[in-house]
Amino acid sequence: MADKPRILFCHCNYAQVVPEEVKAGVLQSLCESGQAFEAVADLCEMAARRDPALKRLAAGEAPVKIAACYPRAVKWLFGGCQAPLNTDRTEVVNMRELSAKDAARALLDEKVTPNLAADGLAAATEGEKKI
Amino acid sequence: MAIADETTLRIVLYEGAGAATLDAAERGSTLTALLGKGYAVTCAGSGAVAPADDSALLVLGRFENGQTPEAEDANGAVPIQFRDIDGLDSEGITALVEEERESTQTAQHGEWKPWFPVIDYDRCTNCMQCLSFCLFDVYGVDDEQEIQVQNNDNCKTNCPACSRVCPEAAIMFPKYKSGPINGDVVSDGDLNREKMKIDISALLGGDVYQMLRDRSQRSRSRFSKERSSDKALGERTKCLTKLAAEADIDIPLEVLQSLPSADEIAEKSAAANAKATAALAAQKSG
């Protein structure tokens, strides 16, 4: 049986780019789920400080689901800090585009659908899956 | 304060053996308050969480009889503190955590909006356009002459100009309002922006200053008589604003107003170009 994915939630504190109701709705669903998860205030802020915690958040063999923004941005926030995400086992749930309900459903679904471009391959114009 | 390499205090919200369970609403309000203050929180529950590293852990829980466990990391590498939060509301909990943060030398948050370029190395061709373009020393190269963001806190908040000169749309600002600068998928149209690139280069690369010099020349006698630096500044602002609007770019007025003088900009531009040229030459010889 595949490993249950770890969950990471980004609160995107320092800008209003993720709708407040989406962030709050997803966080509420996580709190009600009884599922273990990691929550960070702002992945951008951590990347700006090259926070060593990014390595911890990217590490491990289990697949990871990340509730944040665009997959390409998330991939390189980690990658730029020498904390690369495993592109075969990471799914980014884009809270800028999804409703709270859809984002929470994608996050809590145990099935992982990796959606980061493989290293060295630019995401195709229409090939990157928006989840 | 310069942004230093610092770690975030990791807080664990513990609800396991020896501690009471929080209801979902309490858990939510506590998390929201802690995240709002910039902390990273691990919510224990069913399933795995990220592995430990050597950074400090602060474990919060409603411990039975207010008795916090006496425990330590078996390897002695991770400083662990336990704190009882029984009777505290979310405000009280964040105050408690703030006190603990000060003793752990972990990062203090909220002093700077994290606005800086993020390079998509899947797209980047290491052409050094961004290094040549940026006047604020945000970019540099590593030992392998690969472009990197070196001084992200030099970046001008809300200014995405360098991303627009990138021929591969490889520079992202994740907090930008629209794609592909925000990290959204890059379209063919995004790559076909030669005109825009020239406009922006002109705006920030010197032509605007030539225009200002021409205007200044025409009105020199008036300015010299009036000796008004306020009027000169007003003229500069007016011109820059007009140019920015005409170019239909999204560079905040504050950024345009804070650009260096014409001589300084020429000097900085030459220095940035020299860095880029040296890096490109090193790439070729390597």
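## Helix 1 and helix 5 of chain A

Helix 1 (residues 20–33) and helix 5 (residues 100–108) of chain A pack at about 40 degrees, their axes 8 Å apart. Axes are lines fitted to C-alpha atoms, for helices over the stretch in contact; angles run from 0 to 180 degrees between N-to-C directions. Helices are DSSP runs (H or I, at least four residues), as are strands (E, at least two), numbered from the N terminus.

On helix 1 of chain A, the contact residues include A:Gly25, A:Val26 and A:Ser29. Helix 5 of chain A contributes residues including A:Ala103, A:Ala104 and A:Leu107. Contact here needs C-beta atoms, placed from the backbone, within 7 Å.

## Model and numbering

This is a predicted model: local features need pLDDT of at least 70, side-chain atom pairs count only at pLDDT 80 or more, and totals for chains, interfaces and linings use all residues. Residues are numbered from 1 along each chain as its sequence is written, while chains are lettered from A and ligands numbered from 1 in the order in which they are written.

## Strand 4 of chain B

Strand 4 (residues 57–63) of chain B runs parallel to strand 1 (residues 10–13) of chain B, joined by four bridges. Strands pair if DSSP finds at least two bridges between them. B:Leu60 of strand 4 stands opposite B:Leu13. B:Leu60 also has B:Arg83 as bridge partner in strand 5 of chain B.

Five bridges link strand 4 to strand 5 (residues 80–84) of chain B, again parallel. Strand 2 (residues 19–20) of chain B runs antiparallel to strand 4, with two bridges.

Key. Contact = placed C-beta atoms within 7 Å.
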